[in-house]
Amino acid sequence: QVQLVESGGGLVQSGGSLRLSCAASGRTFSRYPMGWFRQAPAKEREFVSAISWSGGTTYYADSVKGRFTISRDNAKNTVYLQMNSLKPEDTAVYYCAAGHTKYYSSSSSYDAEDEYGYWGQGTQVTVSS
């Protein structure tokens, strides 16, 4: 049984920073890519960022590129999302997800929810203007 537990969400003013963490247990964390998604009220869940199993490759949605940084510590079974220069439109529930297999189905499928088989419960991020 794979468990993903997110933490680090909260309320922050526009321009501020937060660091989200996702602690994984239940399987060999280092063998799988990890992703972050978010869902704002009345909107569909969307891709935010992802990182390969080794940490050597990272991916970002255009809306967060240059402001967010994903990283992982395989020794601690944890993936992080450093969020800087936050904007009110970043307000959402942020979900951590673990990939089905070591590699994505294709080089461009890292943002597809179908690539991820395990999901955390989410952590709320609220950015006030």
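A residue is described as buried when its relative accessible area is under 20%, as exposed when this value is over 50%, and as partly exposed in between, with a 1.4 Å probe and protein chains only. The model is predicted, so that local features need a pLDDT of at least 70 and side-chain atom pairs count only at pLDDT 80 or more, while totals for chains, interfaces and linings use all residues. Residues are numbered from 1 along each chain as its sequence is written, and side-chain values use heavy atoms, with hydrogens and water left out.

Most residues other than glycine have a negative phi. Ala42, although not a glycine, has a positive phi of about 65°. Ala42 lies in the loop between strand 4 and strand 5, strands being DSSP runs of E with at least two residues, numbered from the N terminus. With a relative accessible area of 90%, Ala42 is exposed. A positive phi, near 55°, is also found at Asn77, in the loop between strand 7 and strand 8. Asn77 is partly exposed, at 28% relative accessibility.

A nonpolar core is a set of buried Ala, Val, Leu, Ile, Met, Phe, Trp, Tyr and Cys residues joined through side-chain atoms within 4.5 Å. The largest such core has 35 residues, and those with the most contacts inside it are Met34, Trp36, Val79, Leu81, Met83 and Tyr94. Elements giving two or more residues to this core include strand 4 (34-39), strand 8 (78-83) and strand 9 (92-99). Strand 9 provides the largest share, five residues.

Leaving aside residues up to four places away in sequence, Met83 touches Gly16, Ser17, Leu18, Leu20, Arg67, Phe68, Tyr94 and Val125, where contact means heavy atoms within 4.5 Å.

Methods. Helix = DSSP H or I, 4+ residues; strand = E, 2+ residues; numbered from the N terminus.
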